[in-house]
Every structure is written in C-alpha cells, then in structure tokens.
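Here are my notes on the model, point by point. Please read them with the structure open.

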Amino acid sequence: MILPIALEERSYDVVIEPGCLARAGELLHLHRRALIVTDSGVPQAYAEAVAAQCDNPTVVTIPMGERSKNLDTWTLLLQTMLDHRFTRSDCVIAVGGGVVGDLAGFAASAYMRGVDFYNIPTTVLSQVDSSIGGKTGVDFSGVKNIVGAFYQPKRVLIDPQTLATLAPRQIRNGLAEAIKMAACFDKDLFSRLELSGPAVPTAVVIEGALAVKKQVVEQDERERGLRKALNFGHTLGHGIESLGLDLYHGECVSLGMLPMCSDAVRPRLRAVLQAFGLPVTCSFDVNAAYEAIVHDKKSDASGVDVVMVEQLGSFQIRHVPTRSLLEKLEQIREDAI
C-alpha cells in the first residue's frame, strides 16, 4: 500500500508493506553517502539491513530513550556528516522510533541547509504518528521539542514486520496515539476499538491512524489550525512526561486525554484506554508538571491552546488560562489516591 502525502513540492509517499525494509535499496535513492541513525533499543539487524543496500553508509547508534534527544546528540550527527565529507546531495536515514526520527530529521534539515531525509519507523508510536508530518527537533533546557523545524521526509517506509520484536508495553504505548486520533477524527474507528479492544488487528489501527494523519497534515502542514487537534492529551501529557517518571510518551498522552473530555466521553475513553493496558491515573508532582506546561511552545502570556473532545469523532480548540490546567492535573493525580 502506498499512501501519498500531498504537500505540493514537498509531497512524498508512505510505503506500508511487510518486508519493505529489506527493499530499501529499491524504494529509496541510496547510491550516495547515507547517514543511518538508530538507537541501542532497535535490533541492530534493521540498520545493518539498510546499510547493506547503501553505496556508502555510515551508521550512528545513539543511546535509547528521550534523554538522547538533545543538542549534544544533534551535534554528534552533524559532526559525523562533516567528518565523512557529506555534501548537499547525500542523505540521512532514520531507523527506529520517534526519538531517532526527530533527531535525524532535524540534523538533515540543518546540514548544509537541508539534505534528503528518509524515515523508516520501527515502533507503533512512530508508525502511526511521528514518522509523517515533518515535525523534527530536540528537547532543550528541560522543555520537550522546544527546538526544531518542520522538515518533510522524501519517503517513509513502514514495515509492519519490525513490530514483531517490540515488547507488549511498547505496542500499547504507540496505540495511545491511534486512540487519540480516533477520538478526535474517526468515531467509527473509535467504536471498533471500543467493541473489540486489543482484538482489532494492529495493522488496521495503524492504517486508520495514518489516514487521519494524512488528512490533517495535508490541510495544515505547519500547525496553524486543524493540526493542533493532534495535540489532544499532549498539553498535560508533556507536563507529566517532563518529570522523568517511568512512563512512556503514549502513556503520558493517555493520562493527558482524560481531563480534556466531556463527562459523556470520559468513561468511554477511559474504558478503551484500560482495555489496551494504558494508564488512566498517576501519582506525580502537580506543580512541577504545571511549570513544564507554562514553558511549552503552545502557551503564551494569556494562556494556552488546549484540545477538548466533547463528542467522539470531533474536537474543539480552546484558549484557556494556564492556571486552569492545575485543576486538570489534579484530576489525574487525585484519581490515583
């Protein structure tokens, strides 16, 4: 299956096909220098398989986890390209999850003011969400994704076979983003998740989420309006994630969605999240999470834009006073007590 992302001169295809990682040499232009970026949590065989199909590969493996998503690692990637005499005609390839994709894409956007970037996501989270849309960047001074650029890939390869090596918790982590998209845009997909739970094939969930992401990105590439809906759950979720708890990104988004629902939607969303093994309560430092939200790039002096779901399959974006989010955070914490 090929899913085209129509963005005028920045258009590209998302190839969704079992085994496509082994066909990277046919599907991507690799007859040049290629920086392959992966992390220590990704099976080494994936990057090696891509490198074997390149004329002149250089593989950089960064430590697994959000802590690698910083300017020091970004500098390492730029220095590696400089040391290996990369030119503007060469390319960068991400093989891994969202951290790898964000870092590699941001390095590609900056080196010589932009070289070609390919994304090969190997986690559910990156396959359903972060691998398309062109958001790249790093965390800085404790603030998530505060430094970065919109930089679209030239092509994305989604190989469902790479998910076979994921731990069940990582799969659940990624499905949180798909549940988010269904709640905001696709009530039929949400109903299917509600009725069948984890029995719904992962491939069906991924394709449904990608169809939503395609629609949104094509209409609002740089998050001026519609694309803000993809931040459902992220305002509070990023605040919690910044605390360094033993929680993955999707798990924090799961927590962050519930206070942003109507009373009618909340119990239904809670039931779906619980069915997929995602957290709905958490004990954490509310004030510390609030401070992280205050410094978020989506806030300003008058308040912050938040995404609310009053009815499944639709959303509203509201500008609310930042202080009102303290109460929302308390709802998550109090439920855990």
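1. The sheet is open and has 7 strands, in the order 1-2-9-6-5-3-4 with mixed pairing. Strands pair if DSSP finds at least two bridges between them. Strands are DSSP E runs of at least two residues, helices are H or I runs of at least four, and both are numbered from the N terminus. Strand 1 (2-5) and strand 4 (56-62) are the edges, each pairing on one side only. From one strand to the next, the twist averages 15 degrees.

2. On provenance: this is a predicted model, where local features need pLDDT of at least 70, side-chain atom pairs count only at pLDDT 80 or more, and totals for chains, interfaces and linings use all residues. Residues are numbered from 1 along each chain as its sequence is written, and side-chain values use heavy atoms, with hydrogens and water left out.

3. Inside the sheet, strand 3 (residues 33-39) and strand 5 (residues 91-96) run parallel, joined by 4 bridges. Leu35 stands opposite Val92 in strand 5. Helix 8 (residues 202-219) packs on the sheet and touches strand 1, strand 2 (12-16) and strand 9 (155-158). Touching means heavy atoms within 4.5 Å. The direction of helix 8 makes about 20 degrees with that of strand 1. Such angles run from 0 to 180 degrees between N-to-C directions, with axes fitted to C-alpha atoms, for helices over the stretch in contact.

4. The largest nonpolar core has 69 residues. A core here is a set of buried Ala, Val, Leu, Ile, Met, Phe, Trp, Tyr and Cys residues joined through side-chain atoms within 4.5 Å. Buried is under 20% relative accessible area, exposed over 50%, partly exposed in between (1.4 Å probe, protein chains only). Helix 6 (residues 168-185) gives the most to this core, with 9 residues. Phe232 is among the residues with the most contacts inside the core. Its partners include Lys180, Met257 and Leu269.

5. Where is Asn173? It sits in helix 6. Asn173 is buried, at 4% relative accessible area. A polar atom of its side chain lies 2.5 Å from the backbone nitrogen of Gly250. Asn173 also touches Leu125 and Leu278, among others.

6. Helix 7 (residues 187-196) has Leu189, Phe190 and Leu193 as its buried residues. They cover an arc of only 100 degrees around the axis, so they lie on the same side of helix 7. The arc is that of the directions from the helix axis to the C-beta atoms. These buried residues pack against helix 6, helix 8 and helix 11 (266-275). The face turned away carries the exposed Lys187, Asp188 and Leu195.

Note on methods:
Polar contact = N/O pair within 3.5 Å; in protein donor to acceptor, adjacent residues only side chain to side chain. Lists of a residue's contacts leave out its neighbours within four places in sequence.
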